[in-house]
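Hello,

Here is the structure I promised to pass on. My notes follow below it.

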Amino acid sequence: MALEHEFDTAMMRLAISQAEKSPPKPTNFRVGAVLADRLNRIVLATGYTLQLPGNTHAEECCLQTFLEVESRILLKSSVLYTTMEPCQKRLSGKTSCAERIARTWDDGKQGIEMVFYGLGEPDTFVSKEERDKLAEKQGLKAIEYIHLPGFEEEISRIATAGHERPTKEEQSQQRGAQYANEDDRK
């Protein structure tokens, strides 16, 4: 499927508005998700971090909301828009969002083939290397993940609300340490 800029942008904007509904916490990213039928240009479900009881992620809430109606099935044109790249591992031990998306294909059903995300998952809770190893091990590369650029700054600001921000002095010390490390590599 080719990028449909107007629709894809509108869906990412809707996902961002969902993320803003999530309560700020230092242990979660505030993420929003939208499940849409791209062919017919309709929203099927929305979700955001902590929308449902428990430590729930946006993609999890979105898919649960959609699947609550048993007769609902995903179409080939069903895609997921999420403000942040779906997690590959959850520190809580719960099923990762990437695995939930992959499971939409269980029992020979049509599943989600494409996921648009606005910001790659930071290494705050799980490192990129660990996420990549898990994705490959779980065979999750079959689903196409597409970065939708232009939203990174806004999404990062919303996602990290509630996280501790380093003071100017701490930022200066970090930069000093970074330059010292660069000098060590020469």
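There are 7 salt bridges, a salt bridge being a side-chain nitrogen of Lys or Arg within 4 Å of a carboxyl oxygen of Asp or Glu.

Before the details, two notes on the source. This is a predicted model, where local features need pLDDT of at least 70, side-chain atom pairs count only at pLDDT 80 or more, and totals for chains, interfaces and linings use all residues. Residues are numbered from 1 along each chain as its sequence is written, and side-chain values use heavy atoms, leaving out hydrogens and water.

Arg38 pairs with Asp8, with the closest N and O atoms 2.7 Å apart. Arg38 sits in the loop between S1 and strand S2 (42–48), and Asp8 in helix H1, 30 residues apart. Helices (H or I, at least four residues) and strands (E, at least two) are DSSP runs, numbered from the N terminus. Arg38 is buried, at 1% relative accessible area. Asp8 is buried too, at 0%. Buried means under 20% relative accessible area, exposed over 50%, partly exposed in between (1.4 Å probe, protein chains only).

Arg90 and Glu60 form another salt bridge (2.9 Å, N to O). Arg90 lies in the loop between S3 and helix H3 (97–102) and Glu60 in helix H2, so the pair ties together parts 30 residues apart in sequence. Both residues are buried.

Arg103 and Glu99 also meet in a salt bridge (2.6 Å, N to O). Arg103 is partly exposed, at 42%. Glu99 is partly exposed, at 23%. Salt bridges with shared partners join Glu60, Arg90, Lys94 and Arg100 into one network.

Best wishes
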